[in-house]
Amino acid sequence: MDVIQAAQAYIKKMVSDVTGMKVLLMDQATTSITSAVTTQSTLLSKETFLVDRIEHEHRDVMMHLKCVCFLRPSEDSIQRLVEELRNPKYREYYVYFSNVVKKSAIEQLAEADENELVREVQEYYADYLPINQDLFSLNMKPQAYPLYGDDLHKWNAAALQRTLQGLMATLLSLKKRPVIRYERNSGMAKRLGREISTAIQGESNLFNFRQTDTPPVLLLLDRRNDPVTPLLNQWTYQAMVHELLGIDNGRVDLTSVPDIRSDMKEVILSVDQDSFYHKTLYYNFGDLGENIKQYVEEYQKKTQSNMKIDSIADMKRFVENYPEFRKLSGNVTKHVTLVGELSRLVEKNGLLDLSELEQSLACSESHANDLQRIREMLASPKISNLGKLRLVCLYALRYESYPNNATKELMQMLAKCGVDERIVQCVDHLIAYAGDRQRQGDLFQNRDIFSRSRHVFRGLKGVENVYTQHTPRLGETLEALIKCKLKDPEYPFLDQVSRDRPQDIIVFMVGGATYAEARLVAQINNSTPGVRVVLGGTTVHNSESFVEELVYAFNRMPPSLR
Amino acid sequence: MEQGNPALPPRRPPQSGPASARPVSSSSCPFVCPVCGAAQPSLEQLNRHLDTSHFGVPNSTGPHTSEAPYNNDDDSASTSSTDALVNFFRTAQRKLLDPLSKLGTSLATGSNGSLLGDDVGALLLDISGSDMDTQLTDTPEHPMVTRVHWKPNSPNDLCDDPRCSKPLNVVNGRQHCRKCGKIFCHEHCQLFIRLAFNAVHDPVHGAWSRVCETCYVSRSGYQDIQGPTRSWTTQFLEQRKATVKRILLEENKLRNRLDKLSQLPSHPPTTAQPSILLGKNSRKQVEQSVVKWEADELATQCHGCQQPFTGILSRKHHCRLCGKVTCSRPECSSMFPITSKTGHKEETVPTRVCKRCMGILSRRTFIISAVRTKTPTLTAYQNLVRYRGNIEKLLPKFDQLVLKISQETSQVTEGHVDYQVAAKLRKDLLDNFSQFDRVSKQIPRLKNDTQGDQRLHAAIYQYCTHYLQHRMFSLSLLPRLLKRGQPTSTPGSQSSNKIPSPSPRSNSSLHASDITGVPKPPSSQSSNRPPSQASTVENQSTPSSTGITGGFFGLFGRNSPSKPDNTTNKTPPQLTKAELNRQLDTLEVLQEQRKLVETYLQDAIKHRKLEDAKSLRVSLAELDEEITNLQNALEPSE
């Protein structure tokens, strides 16, 4: 149950099965997948000397090369492959599709391959973007794949198709034929579950895996049931980088950082290739500072030993180690730059105060106090507009059914701060999307007297860290699922029912997961022996992308629904 | 736990601890074991006896071999084996009270054994603590998983988990892994998998059983990372046969037409008076007899590029083979020379043929050329592959031998058989490596007209560099091994050992040639060398030097056939040939290094990595100094 390894295994297999000088030809989708799990040097060690995109039409003809094509079987890629086969540029073609391919596409290719150059046509199911060992994303941006169809409970057909394909590839590559559970209130989760179930039955000989002790569980959740998590500031490394700088396809764009060095304008964060990142991924900001200090010291020690060159032997060692040393130095610079920029942003945007208030809104109820502080924050010039918007969103969600609700007033204040009118509207959208009546479960634990008292009781235990009080709702859900206590009425089974304690769980979040949830899943994986959880989502959200998706969805809706 | 276990074992009368488990003489008891005939004081005792001694063979008649290890457990079970007690509860419930289990459920819910004695209660908690165990008792049709393989209990057991090794007692718990039979503390044996009767993993029909982490994780398929694949190749090839058949038919048709065209007269006699226009037209007319031309009026766009015909610049042309209309761009149609006869003389007539027909006609030659063309890159790469194959074949053998020699170091001398073989292998390997290196260096110099070829050559070169770096590691081990074993070797070869060595590693300064039998005369020069120089030579043959590709083969220069030994003439009387060679090699390496460091330095300066640059400068200065030293040493000899 390691999505990185699963995808890696496929790519390794395709480049090692084809021996000799070769070029790896990919499309846009597979390029991002491949670059997430492998490096140039790994490919090079398998005699893959060139890597190119099938979209590039003016590639040189190189008849001495074999060609490994790794493509998503989309209409566009198939068409391009057909063109490629009509005007071949390489000696032999080995075609690997990243997902289930239609028979008609095979016919189309066979029709085009007049020169008999294709040697192999296979399906290798690596059609998702692995991020951590236990986190994958389908990387669906609202511009390319708007999620919602006619209303907020229906899929857009293209998005559903893509989600279905991505999830099928995940299940196949992890070799799981799961029982499916979904959140009852979510029409989209149910629809997706139905589609998957049908697809699995349709491909039953593909899904013919070895029996497991208990069937794995595919849990389909809906973002709308926890709109709070993506709206909070996070304080762990990976989540912070995504929240403040944004991670896109494993890349972080640092061009906006003042005085940035030219080679640091874009840095790559990869769990697989960067051991420091792998170690500190889930560290909170304080621990991270400690660790980066150690890392720099370690580096300095190495520099010292490099500086101390007394003999030829020392010098030799220096020359040998230099490339590695340079790599280390690059990595140290990268992390120091990142952490430096994070702390600059924390300082500049007053994120500590902001986060404290956010956590208070997310975790406890004290209307007058909260409202007072939100007003102060909205007036403060230090807080960014996005931060202000987040506060109002959180307030609107928390005190939605509160008698003295002041959401309207706060929205007006937002507009006065210079926030775009359309974006201020987003607060209303959010209530329409994930308000109290839309949600399932008691997110704020304030629906009835019992949950209120339980909440108060829990509050008595005290708070360890005021900035990290909130835990995503996914935590409770998973805990219940692992203990076999997840209630059937709220999380019904689709088709098959299993009462056994699950050992392998795949959680998929319709509407996007977050890095906070990824951290939670990693914690569960560490602390619960015998249980393996993998988290996936249509995308991985930070507050900005979450708001953006919402605004985008509502602007596409017919006016009656806005 | 608070859920209430539907089949929690109903309470049995409180037992007063270990005391009641003493064996009682047969005279005073009415209960006799049906299996082995041993007398038991009470029904409970008999039950326990059955569970511990005759476990797994319920209702079997006569003694059974499998129970042997447990025959004497009666006594020890009550004193040390918590498991026996656990089993007792489990089986007592299963055997005696199963019919009552429904009733028992209501009684047992929430009681959690609190009525029992403290220690027993704790054990009972242990059972009810896991839903899985109770599932086992829920389904009495499952045979019990065998316990024959269990590690026997002893009072001082430690947890068998390598990371734990806590003492096993009431606090830490004591659990047998049902699969491997080892004993663990509770923490390291809390996972459940389905086991069949013979303690083999059976995911479908097995009974839920407690196992350790190792057994849990080592279930087949649990850590499988290679996902499934599906091949369409057969279907594809099947489909392609149809395509090829169609293409062949078409090709035949086109060839026929081509033949016909070539038999047409190039300047057919005209019926009326000849004119410039008609002369051309007449050829056109006869050409149309081969294939019917598409009407100009109907053709609105080119069949090749799909561009509409507009204006005077894009004229309509007919392909003489298929009759379709194309434009004149070279991407869509071209002039194909056809030999045509006019009367007696042959003449070449350029004839317009569209791209598609051209492709079909040249298809066969294309396929052949695709398979057969040998570009210089391909040839070079094939050479590389050949040398790599040799290396791949020899290297494991060599590694094995080196390992063997290293294990018996003290006995191995130059004359040893293994050593001879290893030295031979090493020489072969070196030959192959140097060939490989030679070819790899040729590749960047190959003709590269296109950008693609440039990139390709650079990538291949990089690949070769990496390859050499990784594979040449063990080569240097051999001479080092020899030297370690040398104190026991012949006095003659010891002489070289007397060189004052700055570090113990300097012994590996032996060269390939030394091993391959070239006698190395003891020279005064060598012992006079400054220590730092000796260490340089040492480093030359260490694996680490593979990091530098440039100077790499300086080290093995004498083994490389590509480098003729032309230094012989220069050998002055006082310097032996070997010595001089060595020093020259050293010089060469140093110079290569200097170049390398220089590029690093420039790089560092360019990227404003001042710290790096500083240390690089220091090393550059050192190198320069060394080079001058060496040159001075060599100069008088020249």
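Visitor: Which strand pairs with E9(A) over 6 bridges?
Guide: Strand E14 (residues 504-510) of chain A, in the parallel sense. Strands are DSSP runs of at least two residues, helices (H or I) of at least four, numbered from the N terminus. Two strands pair if DSSP finds at least two bridges between them. In E14(A), Phe508(A) is the bridge partner of Leu220(A).
Visitor: What should I know about the model itself?
Guide: This is a predicted model; local features need pLDDT of at least 70, side-chain atom pairs count only at pLDDT 80 or more, and totals for chains, interfaces and linings use all residues. Residues are numbered from 1 along each chain as its sequence is written, with chains lettered from A and ligands numbered from 1 in the order in which they are written.
Visitor: Back to E9(A). How many of its residues are buried?
Guide: 6 of 6, in residues 217-222. Buried takes 20 or more other C-beta atoms within 10 Å of the residue's own, exposed 12 or fewer, partly exposed in between; C-beta atoms are placed from the backbone. Val217(A), Leu219(A) and Leu221(A) cover one side, with Leu218(A), Leu220(A) and Asp222(A) on the other.
Visitor: What does E8(A) do with E9(A)?
Guide: E8(A), residues 179-182, pairs with E9(A) in the parallel sense over 4 bridges. Val179(A) has Val217(A) as its bridge partner.
Visitor: New topic. How many residues of chain A are in contact with chain B?
Guide: 62, against 68 residues of chain B. Contact means C-beta atoms, placed from the backbone, within 7 Å. Helix H11 (residues 312-348) of chain A gives the largest share of chain A's side, 9 residues.

Key:
Contact = placed C-beta atoms within 7 Å.
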